[in-house]
Amino acid sequence: MSDQIANALPPRILLGVNVDHIATLRQARGTRFPDPVKAALISEEAGADGITMHLREDRRHIQDRDIELATRMLNTRLNLEMAVVEEMIALAERLQPANVCLVPEKREELTTEGGLDVVGGLDRIRKACQRLSAAGCEVSLFIDPEPDQIRAALDAGAPVIELHTGAWVEASRQDADIELARIAAAAEMAHELGMTVNAGHGLHYHNVEAIAAMPWFHELNIGHAIVSRAALTGLGEAVREMKRLMVQARAYSTFERPD
């Protein structure tokens, strides 16, 4: 590795926390809690360098209200994930989040499947990048670790890409090393082209180190694993608090006890 490239490497790796699945819990009951914006603020206090929210067209978890509040309240920056459609582009132009990540989206999918086909939709994506950049948003494209997609992303005018790590995460033992090498080669290529390189999808506590060790990555965006860990590590305290409230209410009850 040349000194010129080494000097341009990110000084430290950043963590973007995706709070979509806090909103999934809220939407499951149609309540006001748990609030993903509050979760974002807690994440910031714990060291998150940025917050990711994916506003899907079907509004399955994050809502417009969440995006509007987050753009005003975050102390770091909001990375708005969204499809390349007029409704979302117009919303981003209005709210002007610091970062916008363009992703593919299918209504029937459980989570984002595969990267954005920049090669196949170059003109449409280039126009979206131009509009979002003019609005002051830094645009990234969520793509598979493929050289053709990286070159197309550069041609589209995106200064940032986020490499989809899902194929490696889901690979068999026989194919995992091949997929990991593909990610490393793609990250190095994009870095040498002058792009900022992020990564995400399926990263968790048992696999993140392999990606975080690669020097070309600027930021990793992780959500499901962190929210899942928080649900279990906080469960004991949540149960103790509920039990305390119940026992205290009975102890100080003003109802007359039946014989």
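Strand β4 (residues 99-102) directs Asn99 and Cys101 to one side and Val100 and Leu102 to the other, and all are buried, where buried means under 20% relative accessible area, exposed over 50% and partly exposed in between (1.4 Å probe, protein chains only). Strands (E, at least two residues) and helices (H or I, at least four) are DSSP runs, numbered from the N terminus. The model is a predicted one, in which local features need pLDDT of at least 70 and side-chain atom pairs count only at pLDDT 80 or more, while totals for chains, interfaces and linings use all residues. Residues are numbered from 1 along each chain as its sequence is written, and side-chain values use heavy atoms, with hydrogens and water left out.

Strand β4 runs parallel to strand β3 (residues 78-82), to which four bridges join it; two strands pair if DSSP finds at least two bridges between them. Met82 has Leu102 of β4 as its bridge partner. Between β3 and β4 the chain passes through helix α5 (residues 86-95), and this β-α-β crossover is right-handed, meaning that, with the strands pointing away from the viewer, the path from the first strand over the helix to the second runs clockwise. Four bridges also join β4 to β5, again in parallel. Here Leu102 is partnered by Leu141 of β5.

Strands of a sheet pair through backbone hydrogen bonds, either parallel or antiparallel. In this model, eight strands form a closed barrel in the order β1-β2-β3-β4-β5-β6-β7-β8, with parallel pairing. Neighbouring strands of this sheet are turned by 25° against each other on average, direction ignored; axes are lines fitted to C-alpha atoms, for helices over the stretch in contact, and angles run from 0 to 180 degrees between N-to-C directions.

Strand β5 (residues 138-143) is joined by four bridges to strand β6 (residues 160-164), and the two run parallel. Glu162 in β6 is the bridge partner of Phe142. Helix α7 (residues 147-156) lies across β5 and β6 and runs at about 160° to β5. Helix α9 (residues 173-192) packs on the sheet and touches β6, β7 (196-200) and β8 (217-222), its direction making about 175° with that of β6.

Ala184 is located in helix α9. This residue counts as buried because its relative accessibility is 18%. Leaving aside neighbours within four places in sequence, Ala184 is in contact (heavy atoms within 4.5 Å) with Met214 and Trp216. The C-alpha atoms of Ala184 and Met214 are separated by 7.0 Å, although the two residues lie 30 residues apart along the chain.
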